[in-house]
Amino acid sequence: MSPRQNKPHEIVERALELSRSDDCVVIASERSTANLRWAANALTTNGVTRGRSVTVIATVDGAEGTASGVVSSSAVTAAELEPLVRAAEAAARDAGPAEDAQPLITGVAHSPAFTEAPAETSSAVFDDFAPALGESFARARSEARELYGFAHHEVVSSYLGTSAGLRLRHDQPTGTLEVNAKSPDRSRSAWAGRATRDFRDVDPAALDAELAQRLAWAERRVELPAGRYETLLPPSAVADLLVYQQWSAAARDAAEGRTVFSRPGGGTRVGEKLSGLPLTLRSDPREPGLECAPFVLASSSGDDASVFDNGLPLEATDWIRDGVLEHLLTTRHSAGLTDLPVTPFIDNLILDAGGTRSLEEMVAASGHDGPALLLTCLWYIREVDPASLLLTGLTRDGVYLVEKGEVTAEVNNFRFNESPVSLLGRATEAGRTEPTLPREWGDYFTRAAMPALRIPDFNMSSVSQGV
């Protein structure tokens, strides 16, 4: 029997019927994807896929407390559900008491579309984008550059049901576009990316023009040594750094003295001023263009998530407001441990400081008191020291020299060593906030809006041969 013959809400209801545990949570997710790939100014592949995953969370009340067991599987039909439910129950019986155990969420209104068919995407999502991409191929071919890249679109419909009565559903469209332009001899390369919900707001011609300009900048190359440089971080690079910061912002870790958000002597840095700029870092499940699930969907428990919080409504949250740390990530359990409000993870991130200048305008104001650098993006980002959130990584696909307000050359790549928290404290300007695609974390986190940041002394710790 094909999984498509069983509707997701029926899978949820049947799993709950089969449950013999004290409580049960079921998440059924239907994924539909479409993609295009191209190389050397020609489409190479395209395709569509569909799939399903089911997670069963069983809880068992014992003399020492409530234990939970979590089991997930893909392509599950109604006939295959009972072994999955029994496996979750066995895992719960074999586990010790769950530290994060809480009563399941109740009192949340049902989603009106819970019993409706899942949303789907198809190749039709590219109906307007593909012809415009073809025109970009022709233009690039005539101007002696090659375009490589891919466009990916998916829609995930998540159905959440619990033995406490919740019946919630969320449809999440996610689109990403990444394009590399290369010179015919492959000695020069430039990258640009976009995040989108439906590809109707993506302009391949504008993207190609941006890439052509960067390849032109790279016709002259200057070698620079490692050191601290005034640096313009574009929105994509800012997003990569702040997404990592957000992933590292669990309140419990901070309260236990293990992160950059730990207060010396005990407690957290909530209430402390982190930046002299009026920076506000926030998340909002209803942010226009960056909409995400308005309730918790957790298939596992950790320092920043709890399976017991499934269905908990999410509200707009300021993590940093006017430069002051306002909130850290908490579950209901860790909020109780830290005496902080319940502020769960939300799947988007927006940084705003009221800036109005574009990146181009910020470039025009740079390099007048000495050379400045303009980055394209960062990659291979890794943590060096959790106590300061010191990160290391590499620049890629274009670092440019800015002199007296103009880009005059491409320079070599660098390895950097910086903490995003420190960068927020040292930033002297934030530009206009705009939607962006984090390059390093684009496979995991796409819903971001960031400004460019001016850092007066960004630490390029060594020269890299990366491209």
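In which loop is the place of Asn41? Asn41 sits in the loop between β1 (23–39) and β2 (42–62); helices (H or I, at least four residues) and strands (E, at least two) are DSSP runs, numbered from the N terminus. The model is a predicted one, in which local features need pLDDT of at least 70 and side-chain atom pairs count only at pLDDT 80 or more, while totals for chains, interfaces and linings use all residues. Residues are numbered from 1 along each chain as its sequence is written, and side-chain values use heavy atoms, with hydrogens and water left out.

The backbone of Asn41 has a phi near 65°, a positive value in a residue other than glycine. With a relative accessible area of 6%, Asn41 is buried (buried means under 20% relative accessible area, exposed over 50%, partly exposed in between, with a 1.4 Å probe and protein chains only). Asp339 likewise is not a glycine and has a positive phi, of about 60°. Asp339 belongs to the loop between α7 (332–338) and β12 (349–352). In its case the relative accessible area is 70%, so Asp339 is exposed.

Leaving aside residues up to four places away in sequence, Glu146 touches Ala40, Asn41, Asn180, Ala181, Lys182 and Arg186, where contact means heavy atoms within 4.5 Å. Glu146 is part of strand β4 (residues 146–162), and its relative accessibility is 18%, so it counts as buried. The side chains of Glu146 and Arg186 are joined by a polar contact of 3.0 Å. A polar contact is a pair of N or O atoms within 3.5 Å; within protein, one must be able to donate a hydrogen and the other to accept it, and residues adjacent in sequence count only if both atoms are side-chain atoms.

Another buried residue is Asn412, at 1% relative accessibility. Asn412 lies in the loop between β15 (406–411) and β16 (413–418). A polar atom of the Asn412 side chain is 2.6 Å from the backbone nitrogen of Leu224. Beyond residues up to four places away in sequence, Asn412 touches Arg221, Val222, Glu223, Leu224, Val399 and Val463.

The explanation now turns to helix packing. Two packed helices are described by the angle between their axes and the distance between the axes. Axes are lines fitted to C-alpha atoms, for helices over the stretch in contact, and angles run from 0 to 180 degrees between N-to-C directions. For helix α1 (residues 8–18) and helix α2 (residues 81–94), the axes come within 9 Å and cross at roughly 55°. α1 is therefore oblique to α2 (angles under 35 degrees count as roughly parallel, over 145 as roughly antiparallel, 65 to 115 as roughly perpendicular and the rest as oblique). In this pair, Ile11, Arg14, Ala15 and Leu18 of α1 meet Leu81, Glu82, Val85, Arg86 and Glu89 of α2. By class, the contact of α1 with α2 has five nonpolar, no polar and four charged residues; Ala, Val, Leu, Ile, Met, Phe, Trp, Tyr, Cys and Pro count as nonpolar, Asp, Glu, Lys and Arg as charged, and the others, Gly among them, as polar.

Helix α3 (residues 129–142) packs against helix α4 (residues 204–217) at an angle of about 30°, with the axes 8 Å apart. α3 is therefore roughly parallel to α4. Phe129, Ala132, Leu133, Ser136, Arg139 and Ala140 in α3 meet Pro204, Ala205 and Asp208 in α4. The contact of α3 with α4 comprises six nonpolar, one polar and two charged residues.
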